[in-house]
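Good morning, and thank you for the time. I would ask you to have the sequence and the structure before you as I speak.

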Amino acid sequence: MTSQSSFPLRPSLEASFEVTPVGVVPAKRKRQVSCGACGAVGHTRRSKQCLGASASTSSAAGAQEPSPAPAEGPATAEVPVVAPTPTPPARRLSMSDMGRLVFFVFDLETTGFRGNGGGEIVQVAVNVMDSDGSILQDEFNRLVRPRVPISRGDSWQVHGIDDDMVAGEPGFAEVGALLLQFLSRFSDDESKVGVLVAYNGNAFDFPFLARELAKHELQLPTFVRFTLDVLPMCRKFANELAPAASLPVPADLKLATVYRYVTHQPLQNAHDALADTRALCEVLRSGYFWKYRCDSSFLLDVAGKCSDAVPTVPTTYDTDEDTEVEEESLEPVEVDEEVAEDAEDEMGVAEDEMHDDDVSGEAALPDGWHLNTPFTGVDASSEFQQWLNNDGQRRVGLLCNPESANTPEKAFNLVYGKALNLVIKYTNQYGQYREGDGAWRDVDRQEMLKWLGICSVAAVQRRSDPPACWFSTSPILALHCVTDVMSKRRFMQILSALHVCDLDDQPERDSEDFTPLYKVQEYFSVLFQQGRKLYAPGQQLSLDETLVRAFGRIGFKVRVISKAARYGIKLYVITCSSGYVLDVMPYCGKYKDVDADLQMFKATVQVVLHLCRHYEGSSRTVYTDRFYTGLEIAQELRKRDLYMVGTIMANRIPKAVRLTNAAGKQLGRGGFKQHLYRYHDDDGHDREIGLVAWMDRKPVHVLTSHHDTTSAGVCRRRTADGLREFRRPTVVGHYNDNMGGVDIADQRRLHIQTRIHGLHRWWIRLFFYGFDVALCNAFRLFKLAIPETHRDAHITYRDFRIRLCNRWLKTPDPSDSATPAPAATAPPQHIPVSLDAIQLRCVVCAKWFDKRPLHSMGGKMERPNTTTRKCEACGVPVCAGKRRPCFNMLHESENSRQLYIADAKARRKKANTATTIT
């Protein structure tokens with residue numbers, strides 16, 4: 001052990017700790033906060049007490065008046081005056097102070113998660129860093145044999161250390177002594193000051209180590225004076241500094257995630273003490289963390305955090321009026337801005353900007369932002385059209401032959417056919433495994449469609465009772481249309497064996513490729529991959545989330561109060577603006593089914609990039625809400641030749657460009673400001689992103705990399721004075737028009753929702769969700785495959801499902817015709833078709849009116865005949881019938897047809913002109 005260091009603690013901390021016998025754990029005390037200006041306890045430097053005391057002290061010091069001499073006279077009773085104890089002033093760390101620090105980065109692996117009787121140490125590792133950030137070669141890594149079996153706790157599942165691995169290892173009494181000897185090796189120079197560094201050390205490692213040292217009557221070397229927890233530094237950077245400076249933030253605050261964020265490399269052998277200390281060294285050496293390693297909010301006295309059981313520093317501070325404070329006293333106060341300038345990087349610069357904001361009281365504008373600068377926008381529509389023209393096979397809308405989707409049954413088979421084959425295959429596989437080959441009868445395609453048809457009938461009728469009531473003998477409860485199709489026993493047998501995954505290849509829970517969504521992963525992949533082959537979206541894409549109502553013990557069940565279901569499974573959905581669902585990504589907690597190159601981003605960025613991966617390079621525009629929108633995702637989408645428009649949270653943009661409520665009221669309702677953000681991408685191109693801050697009832701911020709921010713339209717709002725018109729930026733109108741694709745899909749799906757009440761298996765809910773989405777997509781394809789003049793052009797989604805139920809259950813459908821609808825791309829023919837009960841003048845009768853008789857009734861016509869027929873190819877009204885030869889006269893020759901059509905157009909133009917003059 002070395003002699004006591006000459007560097008005193010802060011007086012406020014020394015006064016709050018008393019001398020405690022070795023091995024005795026003192027009672028917890030509330031830490032007293034001292035003033036940073038005068039060092040006194042009980043107020044802060046912002047209080048009036050400190051300001052008044054400072055002013056009076058400074059004025060007295062400036063006057064420098066000598067104290068008056070005592071007056072001569074008889075002795076009087078003296079009033080005792082208690083002189084205040086002088087306290088040394090707080091000092092900033094100088095460059096010489098930080099040059100004397102040595103950092104001991106350590107990590108503990110334990111049998112439990114609490115140091116107070118909840119576990120013991122099983123592994124301890126230490127790495128040493130010099131004051132310049134260099135990692136020394138000396139390492140300490142030892143296993144420890146605990147006094148309790150490791151299998152009693154759950155921590156062994158984290159670090160993987162079991163009883164067999166520590167059977168021959170020494171206890172902590174011996175390992176702790178070796179640890180102190182290792183630390184003492186770096187105290188040869190009396191000027192060195194040690195700092196214990198850990199990740200989440202304030203809550204775990206520091207108190208755990210202190211209690212273990214107290215149990216075995218061990219003391220830290222006296223030169224180890226401070227502790228540093230890196231987790232609060234990471235939390236401050238992720239929550240405050242990075243969003244304000246428009247920098248990416250880690251997906252979470254785990255050490256492995258922060259290490260990947262800093263080094264762009266995955267952490268190997270995580271939760272091993274030595275591997276964790278090496279990773280923490282790399283994190284601490286990065287720009288922001290290294291620059292502010294001595295910040296007073298992070299660097300704490302070791303007596304208050306680590307050695308509360310064994311005081312290793314003097315707990316008294318004797319001072320008198322003649323005591324002078326040593327000039328080189330080490331005090332963990334705020335670091336000067338000039339410290340460690342050579343280690344600055346992007347994170348350090350962001351911290352400087354925030355520090356300047358706090359000091360000056362004004363919101364400084366980060367680099368790249370330009371106030372009140374318009375964004376001219378990008379012609380993304382032309383780029384999208386050019387992308388379509390580059391390949392002759394690219395097109396928008398229906399990608400299949402219209403004749404293959406011109407009936408409800410054909411459209412459904414196109415969308416759900418492959419997924420249905422998957423359901424039949426795995427249902428038969430599980431049925432044979434569950435009931436045996438002799439008791440199970442394989443399900444074929446027609447029988448599975450009947451089973452789905454029964455579920456659809458219950459959904460159309462909105463039955464909220466269990467399936468047993470559907471097959472009831474009671475005429476009130478029974479579904480009479482299904483009792484003749486399938487028996488109750490067979491329906492329940494198929495329901496019990498229903499599966500959409502291969503049980504033989506199901507991964508173990510402890511394996512690396514395990515995912516809770518394994519039961520529906522292949523089902524969703526086949527379903528939505530087929531859906532993207534049948535339909536190509538336009539230039540606008542909508543990305544949002546939905547909630548599938550589910551109960552039971554689900555590890556990734558969420559609560560969303562803004563949804564009607566409240567509790568269930570959350571799914572991230574991307575659709576076109578019309579509501580056609582293109583892809584789905586279920587939320588399953590920490591398990592993320594994304595590519596390895598996306599795991600470095602935060603969760604919202606991973607979601608957007610994963611769902612947009614099929615449309616990269618197409619110059620499409622993705623519309624998102626405030627949960628996803630940010631500068632990082634806009635830049636990443638721009639790298640992939642995609643644009644983004646969305647509302648953004650105010651805390652994701654700098655304070656200088658935010659529109660507060662007070663500023664919005666001064667601006668007035670309908671007023672808006674526009675700002676610009678410029679940056680350089682990886683290819684060296686200059687890119688721009690626009691921000692619109694619009695005052696509606698509340699401030700609204702919209703981020704766009706597509707539409708310009710200069711143009712504005714008009715919107716109507718209901719006020720106390722009635723309806724009024726206010727200005728609205730055009731980009732807000734585009735957002736309102738194209739953002740509702742997911743909402744349209746949800747409204748259509750929830751209008752008739754297929755589910756079986758009383759069945760709480762979570763994957764069954766997702767199975768029926770995929771079935772309902774397939775029906776909605778098939779309905780969209782059917783509407784695109786038939787012409788607008790067909791009688792089914794205005795069919796509703798409810799009637800579409802009823803048609804399918806009639807087909808599957810073989811029930812008569814009076815509304816269904818024997819002939820399918822003609823294809824939308826079939827060329828029109830010269831045949832008479834109906835005008836939908838609208839009577840118009842016949843073009844032939846109108847031309848020969850009062851010139852010669854046309855019909856066999858004799859005499860001349862008193863007025864032109866009206867008709868309810870027209871030629872499908874020509875598009876003009878014409879009489880058609882046995883007694884009216886107008887249709888034949890119209891098509892005598894191509895010349896006569898053109899003359900009749902031209903005469904009809906001239907007569908219509910003349911009538912319109914006369915109406916206008918009148």
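Predicted model: local features only at pLDDT ≥ 70, side-chain atom pairs only at ≥ 80, totals over all residues.

Residues are numbered from 1 along each chain as its sequence is written, and side-chain values use heavy atoms, with hydrogens and water left out.

The protein chain has 28 helices and 24 strands; these are DSSP runs numbered from the N terminus, helices being H or I of at least four residues and strands E of at least two. Of its 918 residues, 48% are buried. Here buried means under 20% relative accessible area, exposed means over 50%, and partly exposed lies in between, with a 1.4 Å probe and protein chains only.

Let me turn to the interior. In soluble globular proteins, nonpolar side chains tend to be buried together. A nonpolar core, as used here, is a set of buried Ala, Val, Leu, Ile, Met, Phe, Trp, Tyr and Cys residues joined through side-chain atoms within 4.5 Å. The largest such core has 120 residues, and those touching the most other members are F412, Y416, W451, Y523, L637, W762 and F767. Helix α24, residues 762-785, gives the most to this core, with 17 residues. Beyond its neighbours within four places in sequence, W762 is in contact with P516, L517, K519, V520, I554, F556 and I569, contact meaning heavy atoms within 4.5 Å. A second, separate core of 35 residues includes V258, Y261, V262 and A279.

Why is helix α19 described as largely enclosed by the rest of the structure? The reason is that 8 of its 9 residues are buried. Its cover includes strands β10 (540-549), β12 (567-576) and β13 (581-586), together with helix α20 (631-639).

Next, the cysteines. The structure holds 0 disulfides, a disulfide being a pair of cysteine sulfur atoms within 2.5 Å. C871 is in no disulfide, and the nearest cysteine sulfur, that of C874, is 3.6 Å away. C871 is buried, at 0% relative accessibility.

As to the backbone, most residues other than glycine have a negative phi, and most peptide bonds are trans. E217 has a positive phi, near 55°, and sits in the loop between α6 (201-215) and β5 (224-229). S619 also has a positive phi, of about 60°; its loop runs between α19 (603-611) and β14 (621-624). Are these two residues buried or exposed? E217 is exposed, at 60% relative accessibility, whereas S619 is buried, at 3%.

Finally, the salt bridges, which number 25; each is a side-chain nitrogen of Lys or Arg within 4 Å of a carboxyl oxygen of Asp or Glu. E139 and R278 meet in one of them, at 3.0 Å from N to O. E139 lies in strand β3 (residues 135-143) and R278 in helix α9 (residues 273-285), so this pair ties together parts that are 139 residues apart in sequence. Another joins D746 and R749, whose closest N and O atoms are 3.5 Å apart. Both residues lie in helix α23 (residues 741-751), about one turn apart. D746 is buried, at 13%, and R749 is buried as well, at 2%. Salt bridges that share partners also join E616, E636, K639, R640 and D682 into one network.
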